[in-house]
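Student: I would like to go through the labels used for this model and ask what each one rests on.
Tutor: Go ahead; each label will be set against its definition.

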Amino acid sequence: CRRIEAAGGRLDAIYCCTDPDDACPRRKPNPGMMDDVLHDFPDTDLSRSLMVGDTESDMLFASRAGVPGVSVDGSFTLRHLADKLLKEL
């Protein structure tokens, strides 16, 4: 979090699900955590939101939550993400 803030970014919240039950609505790829975000931040514009993840489950979550998903690998960097997004535009 400190590194993001030092680079001029901002994190308003971090969400995670610790329930091991795949049926839990908050466990990815279920979209329950996005419901929590929309509850906590009702002005969230999903058309300006982005899910960045490194698993198929992350991308399925993005689809179910109604946000674009960008898949990254273990060599992920912000430059990598920026380059990938620019190619997709």
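Student: Why is D22 called exposed?
Tutor: D22 has a relative accessible area of 58%. Exposed means over 50%, buried under 20%, and partly exposed in between (1.4 Å probe, protein chains only), so D22 is exposed. The model is predicted: local features need pLDDT of at least 70, side-chain atom pairs count only at pLDDT 80 or more, and totals for chains, interfaces and linings use all residues. Residues are numbered from 1 along each chain as its sequence is written, and side-chain values use heavy atoms, with hydrogens and water left out.

Student: What makes R27 and D22 a salt bridge?
Tutor: Their side chains meet at 3.0 Å, N to O. A salt bridge requires a side-chain nitrogen of Lys or Arg within 4 Å of a carboxyl oxygen of Asp or Glu, so the pair qualifies. R27, at 27% relative accessibility, counts as partly exposed.

Student: How many salt bridges does a search of the whole structure find?
Tutor: Four. Among them is the pair D36 and R26, at 2.6 Å, N to O. D36 lies in helix 2 and R26 in the loop between helix 1 and helix 2, so this pair ties together parts ten residues apart in sequence. Helices are DSSP runs of H or I with at least four residues, strands are runs of E with at least two, and both are numbered from the N terminus.

Student: Why is D36 called buried?
Tutor: Its relative accessibility is 17%, and the limit for buried is under 20%, so D36 is buried. R26, at 38%, counts as partly exposed.

Student: What do K28 and D58 tie together?
Tutor: The side chains of K28 and D58 meet in a salt bridge at 2.3 Å, N to O. K28 is in the loop between helix 1 and helix 2 and D58 is in helix 3, so the parts joined are 30 residues apart in sequence. D58 counts as buried at 3% relative accessibility, whereas K28 counts as partly exposed at 35%.

Student: Is S49 buried or exposed, and how do you know that?
Tutor: S49 has 19% relative accessibility, so S49 counts as buried. S49 lies in the loop between helix 2 and strand 1 (51-53). Leaving aside neighbours within four places in sequence, S49 is in contact (heavy atoms within 4.5 Å) with T44, V67 and P68.
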